[in-house]
Amino acid sequence: MPDTPMVAEQPDQDRVEEYDAIVIGAGISGIFMLYRLRELGMTTRVFEAGTNVGGTWYWNRYPGARFDSESWTYGYSFSKELMQEWDWKEHFSPQPDTLAYLNYVADKFDLRRDMQFRSTVQAAQWDDAATQWTVTLEDGQQARAQFLLTAIGILSAPTLPAIPGLDSFKGPAYHTARWPHTPVDFTGKRVGIIGTGATAIQAIPEIAKQAQQLTVFQRRPNWAAPLHNAPIGKAEMEEIKSRYEDIYAHCAKTPSWFIHEADPRTTLSVPPEEREAFWEQLYAAPGFGIWMGNFRDIMTDEQANAAISAFIAKKIRQRVTDPKVAEKLIPQDHGFGSRRVPLESGYFEAYNRDNVLLVDTINDEPIERITPNGIKTSKKEYTFDFLIYATGFDGVTGAFDRIDIRGSHGVRLKEVWADGPRTYLGMLAEDFPNMMMVLGPHTARGNIPQVVEHSVEWQTGVLRFMREHNYTRIETRPEHVAEWTETVIKAAEPLLSSKVDSWQTGVNRNVEGRHVRRVLGYNGHGIHFRQKAAEVAAHGYQEFRFG
Ligand SMILES: Cc1cc2nc3c(=O)[nH]c(=O)nc-3n(C[C@H](O)[C@H](O)[C@H](O)COP(=O)(O)OP(=O)(O)OC[C@H]3O[C@@H](n4cnc5c(N)ncnc54)[C@H](O)[C@@H]3O)c2cc1C
């Protein structure tokens, strides 16, 4: 795949280009937003920090990176032709195939001519008098537009570990979300990896197969369950294609826009043997069934959650040969499913290999610093050829915070959201006229592309409505922002996940100011979200002030 694609010509640095709309980000959200804005006849410029399209799938090139969504529910559904043309090769697509898919979409709809790559947006400022946003890039280039659409991702602001000496390591060191574009060969190398979240859980089994020695530095373990990926043959793909309409219609009715749906029974109402048999069946099945297709109370009832956690702990003990290592891999600080469950392919078995060592940095050996040769813990210095930071992201609001966004009267988004985001439907924020967010905080969560398609359709619906009524300006009414923010907070209350630190509750111990939990996503049923959004549209968007 060429790394320097056909793109929009770089405009004259001194001239401020004007567009109807500016989109920030060329991931799955920005790609579709551009497609729809073009259909509306709006002149649009997409600014993207990377050198090509793809977002998550452009940046996260680490070994083992792949979906935990079923591939055939992750693609766009807006074009039936596209759905019929694209063949997914695996049930859970690996990153290179997903990136190829997003490039295919960009090519098919000739989208790159409105995209400008290597263009990091540093600031966005609202000008009330001109009814325009001015966007400033890192290199000083500016552009103006009536509308600003953010498509900057929920997991796109990588964070490094807060450990002294990060710059001192002599060898190559990579964050998994800033992975080199050429394959990294670990053959015969000593590799240290920091982190045991979803990314590390995918990467560790793959790197372990190559490296001479892999040392895993774990702060807190995460629950994980088997992915059970499999190839998709030609005939099976044809069969899936014939069912696409039903598959997407089904996802539209589930709580999280996935194919999986909770079992209506409560955990403790089912006799232990039957319960165990059901869990065995889920554990042996592909995808998120063990999490989303489980008894309906595992995420809300402490006892139910303790029972499923004990089942998964038993599985870990069965799969890991050394009992001491197994115990280190079993989380004690949160129950199964109260964080997004990483799905794995041979993660636990990786610890049975002679060349893999687990270092518990909380209970056994705290890391003191990174050194020129590797990592120094309280017990010894480990020497490495490569260091890998699988330390995740400043989730959901991180990418917003990295842009200086100023709305009416110069208010800063970062400051307005300092104690937690305030939005309407996660799509608009008070005092930020003509700015809409795809995957903003407080919007629905789940199988992301389906949420994205819904948001883009809704937002372009607003733009169409404005055009029909000759409106040039849209702003949320404060009382509706307060109402939606309250709805989101209430929806999170019964969930055990709200009582746990994770990127989903806005906690990242490596980032200053990110040590307190916030409610970042709408945790209600997907159907409720769709209904609410549809009602707002049907009633003529009364929750907004137009001008
Ligand atoms: C490893 C990994 C696996 C995942 N697996 C799944 C999965 O299986 N299923 C699922 O539903 N979701 C998954 N996700 C979530 C994933 O992020 C979404 O599925 C989806 O890719 C989000 O698309 P997006 O376009 O909204 O954001 P992104 O893909 O994050 O794209 C945002 C883009 O905006 C750009 N950008 C951000 N800030 C700026 C700026 N200031 N200036 C210019 N450009 C900027 C970024 O460079 C990036 O390219 C996964 C995430 C990760 C990290």
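The model is predicted, so local features are given only at pLDDT of at least 70 and side-chain atom pairs only at pLDDT 80 or more, whereas totals for chains, interfaces and linings use all residues. Residues are numbered from 1 along each chain as its sequence is written, and side-chain values use heavy atoms, with hydrogens and water left out.

Select residues 526-538 to begin, which form helix H18 (helices are DSSP runs of H or I, at least four residues, and strands are E runs of at least two, numbered from the N terminus). Then colour Gly-526, Phe-529, Ala-533 and Val-536, the buried residues of H18 (buried means under 20% relative accessible area, with a 1.4 Å probe and protein chains only). They cover an arc of only 95° around the axis, which puts them on the same side of H18 (the arc is taken from the directions from the helix axis to the C-beta atoms). Just after H18, Gly-540 takes a positive phi of about 75°.

Next, select Trp-458, which touches Ala-533, Val-536 and Ala-537, among others (contact means heavy atoms within 4.5 Å). Trp-458 and Tyr-76 have the most contacts inside the largest nonpolar core, which has 130 residues (such a core is a set of buried Ala, Val, Leu, Ile, Met, Phe, Trp, Tyr and Cys residues joined through side-chain atoms within 4.5 Å).

Finally, display the ligand and Glu-48, where a polar side-chain atom lies 2.7 Å from a ligand oxygen atom; for Tyr-74, a polar side-chain atom lies 2.6 Å from an oxygen atom of the ligand.

Notes:
Expected span 1.5 Å × (residues − 1). Buried < 20%, exposed > 50% of the residue type's maximum accessible area, 1.4 Å probe, protein only. Polar contact = N/O pair within 3.5 Å; in protein donor to acceptor, adjacent residues only side chain to side chain. Lists of a residue's contacts leave out its neighbours within four places in sequence.
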